[in-house]
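Visitor: Could you walk me through this structure, one feature at a time?

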Amino acid sequence: MNKLWGFGDSFSTPFWYQTGVSYKIKYSNFKGYTPKIATEFIAKELQCEFVWKCKSPHDNESIVESIIDNIENIKEEDVIIVGWAPIHRTRFIDTENNVWNFYNLNDNNRKRFPNHIEGKSLEEFSLNRNHFLQVDYIKKLQKLITLAVPTKKIFFWSWGYINSFLECETIFDETEGKVNDKHWSENGHKTFANYFMENYKKNTLKDLVIYEHTIQNS
């Protein structure tokens with residue numbers, strides 16, 4: 001059976017993985033079962049085995065590293081779907097614990113700072129990445145990955161861009177605020193999966209990775 005490889009951040013991570021994450025527990029309890037994400041629906045439609053290599057949360061450098069770590073196992077007839085994280089999300093080395101860690105502008109990150117790195121420095125570096133040059137770099141990474149993997153069935157997307165033209169229901173919307181979280185609900189994931197499959201079948205999938213919210217233009 002061919003495989004569908006899913007790489008990405010929390011929007012690409014199944015609800016049944018990392019069940020200790022609060023919103024996943026609360027939302028699954030609300031549904032009464034474990035909901036599915038877009039790539040699970042797509043894998044079923046394509047009759048592929050779903051293989052996820054994601055993490056919640058994740059940054060783009062770590063996503064590329066995940067692809068590299070698994071590239072020798074990807075076959076010519078497999079499908080790859082890469083969900084990029086926001087471009088400003090920044091990883092750094094926590095030398096006290098010898099692990100990669102990351103900074104996200106939209107989160108309360110104080111708990112992630114090792115003693116030897118100032119939060120202000122990470123914030124400034126993260127803001128620096130919100131630039132068209134970083135967008136160009138992502139495009140070059142896509143070119144490199146496309147040339148490196150054996151399959152031609154590789155697709156890149158970013159949930160921020162999808163949200164700009166598709167109305168993907170959130171967990172907050174479906175639960176009427178009972179679960180205060182802005183990740184997509186199962187219905188939201190179905191919306192994206194249906195859009196993907198409709199255009200996949202017609203061979204009309206276009207650029208799904210446009211970053212619209214860069215803050216510097218020169």
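**Strands, rings and confidence**

Guide: Let's start with strand E1 (residues 3-8): five of its six residues are buried, so E1 is largely enclosed by the rest of the structure. Buried means under 20% relative accessible area, exposed over 50%, partly exposed in between (1.4 Å probe, protein chains only). Strands (E, at least two residues) and helices (H or I, at least four) are DSSP runs, numbered from the N terminus. This is a predicted model, where local features need pLDDT of at least 70 and side-chain atom pairs count only at pLDDT 80 or more, while totals for chains, interfaces and linings use all residues. Residues are numbered from 1 along each chain as its sequence is written, and side-chain values use heavy atoms, leaving out hydrogens and water.

Visitor: Which strand pairs with E1 over six bridges?

Guide: Strands pair if DSSP finds at least two bridges between them. E2 (residues 49-54) pairs with E1 in the parallel sense over six bridges, with Cys-54 as the bridge partner of Gly-8. E3 (residues 79-84) also runs parallel to E1, joined by five bridges.

Visitor: How many aromatic pairs are there?

Guide: Phe, Tyr and Trp rings (six-membered ring for Trp) pair with centres within 6.5 Å; planes under 30 degrees apart are stacked, over 60 edge-to-face, the rest tilted. The structure holds 16 such pairs. Tyr-17 and Trp-52 have ring centres 4.3 Å apart and planes at 45 degrees, so they are tilted.

Visitor: What is the mean pLDDT?

Guide: pLDDT is the predictor's confidence in each residue, from 0 to 100. The protein's mean is 88.
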